[in-house]
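Trainee: I would like to go through the aromatic contacts of this protein. Please show me the sequence and the structure.

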Amino acid sequence: MHLRKLLPILGAPVHGNRSSMTCRMRCGDACFHEVPNTTGNEYFADVVATVVSRRGFLKAGAVVGAVAVAGSVITAGSTPSAFAAEPVLDFEAIAPQATDSVFIPEGWEQDIVMRWGDKLFSTAPDFDVMAQTAAAQAQQFGYNCDFLGFFELDAETELMMVNHEYTDEYIMFPDYVAGAPTEEQVNIGLAAHGLSVVAVSKEAGSGRLTPVLDHELNRRFTATSKFELTGHAAGHELLRTTEDPSGTVVRGTLNNCAGGLTPWGTWLTAEENFNQYFANAEQVTDEPAATRLARYGLRGGQTERGWELFHDRFDLTLEPNEANRFGWIVEVDPFDPDSTPKKRTALGRFKHEAGTVAIAADGRAVVYSGDDERFDYVYKFVSDDVADLDGGAAANADLLDRGTLYVARFDGNSGTIADGGQLPAYGAFDGTGEWIPLVHNDESFVDGFTAAEVLLFTRLAADTVGATKMDRPEDVETNPVNGRVYLALTNNTNRTVEQVDEANPRSSNKHGHVIELVPGGEDHASTTFGWNVLLLAGDPADPSTYFAGYDKSQVSPISCPDNVAFDSNGNLWISTDGNKLGAHDGLYEVIVDGENRGRVRQFLSVPNDAECCGPWVGDDRVNIAVQHPGEGDEASFDAQTSHWPDGGDSVPRPSIVSIWPTVTPSPSPSPSPSATQSPTQAPSVSPSPSSTPGDDDGGTARPGLPSTGN
């Protein structure tokens with residue numbers, strides 16, 4: 001398999017690939033406000049500074065990434081396990097692109113699975129951007145798709161699960177007025193948020209997926225659907241509202257980002273930037289309440305979308321507890337069409353980016369999650385009970401309601417950094433860490449906090465115990481082959497020189513990095529771990545970048561890692577968000593074991609102003625969620641910056657894409673990285689789902705977690 005020399009980088013735009021409009025609509029301009037974490041806790045940058053010099057990272061071929069925890073050691077050029085470290089998918093790395101298309105390697109084919117507005121039920125109208133209604137949207141595929149997962153129903157059918165993170169009314173509606181939405185526009189926005197569960201049929205001999213209209217398991221969950229609060233915080237007085245005096249029933253789920261599938265056949269979806277939907281925090285004068293709101297980034301008066309103009313629950317002066325009902329991990333049983341999703345309070349409340357399950361040595365469930373904010377933390381939950389991997393959702397109905405919630409503290413080794421930026425005396429870039437317990441059921445381990453308060457205000461509790469500040473902890477996923485845990489830290493340009501020193505990998509970390517964790521004793525329930533920096537992303541020609549010691553002339557440039565997944569050989573796949581190198585975001589393969597550890601190859605690129613989300617990587621196909629195409633700074637309904645996927649003068653539509661190999665690429669060198677590849681525009685014809693449900697018995701099947709996926 002041929003690997004090209006260093007791929008060229010296009011000229012960088014002012015804002016990188018993420019527009020200021022995306023920052024505004026997705027996370028409420030979180031990076032342009034004061035950092036919510038004002039504690040004096042240690043920065044991860046400071047930890048790294050104790051174990052590695054900036055120039056030391058640049059030593060190609062050095063012994064890199066050593067982690068010694070209970071006999072588990074990782075070094076560059078070695079394979080710490082007996083598992084294969086070879087690519088599963090055969091492709092030639094593409095050059096960075098800036099085309100309004102999903103650009104894929106030569107020898108591969110693609111198709112749209114579902115677009116925003118495609119219907120799940122025959123009772124829904126066909127999508128008409130000029131005649132949208134909330135009733136129609138509640139039966140149609142939602143807006144900005146993020147997490148993507150699949151369960152197999154039978155040989156011909158899979159069940160697809162998708163998050164719909166947020167909406168951009170400026171490019172959705174032809175007559176939208178900022179600050180003065182109509183009630184119907186608000187209600188359409190509520191319906192376009194949430195989740196979709198859709199059965200899809202598989203085409204033999206390809207990776208093409210076709211939605212099955214009216215399948216018995218098809219469901220839409222919106223920002224008005226019924227959800228249940230469970231666990232030890234459920235029913236607390238700070239969760240009670242006028243509409244729900246019990247404090248146990250919530251309408252809706254908001255800003256769902258990443259997530260995960262459980263081995264017992266359920267879906268975990270993460271509520272992230274919920275803070276931006278609640279108005280008038282500036283009018284809250286009660287000091288404890290105001291402190292809590294500020295720590296979660298709730299501030300200001302009227303919100304961007306103005307939902308509070310028509311729904312009192314989004315006005316904190318009228319319903320001060322409504323915001324506390326968001327920011328949870330939600331568990332969905334996709335195989336029971338009558339089930340109510342559960343917001344699992346035992347996993348803590350913060351801006352969850354992921355909810356990824358691993359099984360401990362004794363059979364207990366472990367859920368990893370990152371808090372996607374500058375200088376916030378990484379968490380895990382360990383259940384009290386053993387998971388029943390054969391019993392499905394019913395046998396594990398309250399498994400995630402009892403257990404211990406931890407937050408991570410990263411520690412550096414005690415080696416001395418030599419003058420001149422040489423490697424530490426012990427010759428490795430690594431450290432150790434500890435999972436600090438916060439709460440176990442109704443027992444708090446944090447002074448001044450009850451157990452319920454730890455769960456409700458987890459950030460504040462973690463501040464108290466000295467957790468390590470990280471650079472926007474995004475997806476946290478467990479490698480199904482080597483058992484290690486991979487953490488994507490997207491970026492943090494707010495890290496100042498004063499917060500680092502000469503030995504720190506980088507201040508103003510605009511490209512992000514990836515950390516590899518090794519559970520102590522190779523047991524996910526352990527309270528200790530080892531860590532190493534796998535990647536410092538960016539232009540390989542930039543001396544501050546690092547690719548696990550791999551030859552940087554042989555890697556693709558990568559910036560702003562976000563979601564991660566694995567193929568069946570345990571290779572890491574990274575999707576990016578906000579590429580600061582001038583090209584569009586994309587999907588990348590990274591070898592994590594063996595002599596090619598650290599090799600990065602770009603697999604695809606997404607359209608104008610879009611983000612690559614939810615990668616699902618199988619042995620015969622790859623699926624991605626293309627989020628916010630056309631969300632450029634100057635974009636409006638009448639002046640779109642993308643016309644993907646339908647082409648012409650159409651509005652951009654966030655969509656799920658399936659990609660599969662058709663011809664094995666030639667291994668011979670090409671004269672130019674872009675000469676043998678061409679963009680592939682998705683077809684403009686909508687998928688044609690069956691008008692009748694499939695004849696499978698998928699309603700009772702409960703397969704285990706596949707070895708690949710987000």
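Trainee: Are Trp-573 and Phe-603 buried or exposed?

Mentor: This is a predicted model, in which local features need pLDDT of at least 70 and side-chain atom pairs count only at pLDDT 80 or more, while totals for chains, interfaces and linings use all residues. Residues are numbered from 1 along each chain as its sequence is written, and side-chain values use heavy atoms, with hydrogens and water left out. Buried means under 20% relative accessible area, exposed over 50% and partly exposed in between, with a 1.4 Å probe and protein chains only. By that scale Trp-573 and Phe-603 are both buried.

Trainee: How many aromatic pairs are there?

Mentor: Rings of Phe, Tyr and Trp (its six-membered ring) pair if their centres lie within 6.5 Å; planes under 30 degrees apart count as stacked, over 60 as edge-to-face and the rest as tilted. The count under this rule is 24 aromatic pairs.

Trainee: Which kind of pair do Phe-278 and Phe-326 form?

Mentor: Both Phe-278 and Phe-326 are buried. Their ring centres are 5.8 Å apart and their planes stand at 45°, so the pair is tilted.

Trainee: And which kind do Trp-573 and Phe-603 form?

Mentor: The ring centres of Trp-573 and Phe-603 are 5.6 Å apart. Their planes are at 80°, so the pair is edge-to-face.

Trainee: Over which ring does the charged end of Arg-459 sit?

Mentor: A charge sits over a ring if NZ of Lys or CZ of Arg is within 6 Å of the ring centre and within 35 degrees of the ring normal. The charged end of Arg-459 is 5.3 Å from the centre of its ring, that of Tyr-296.
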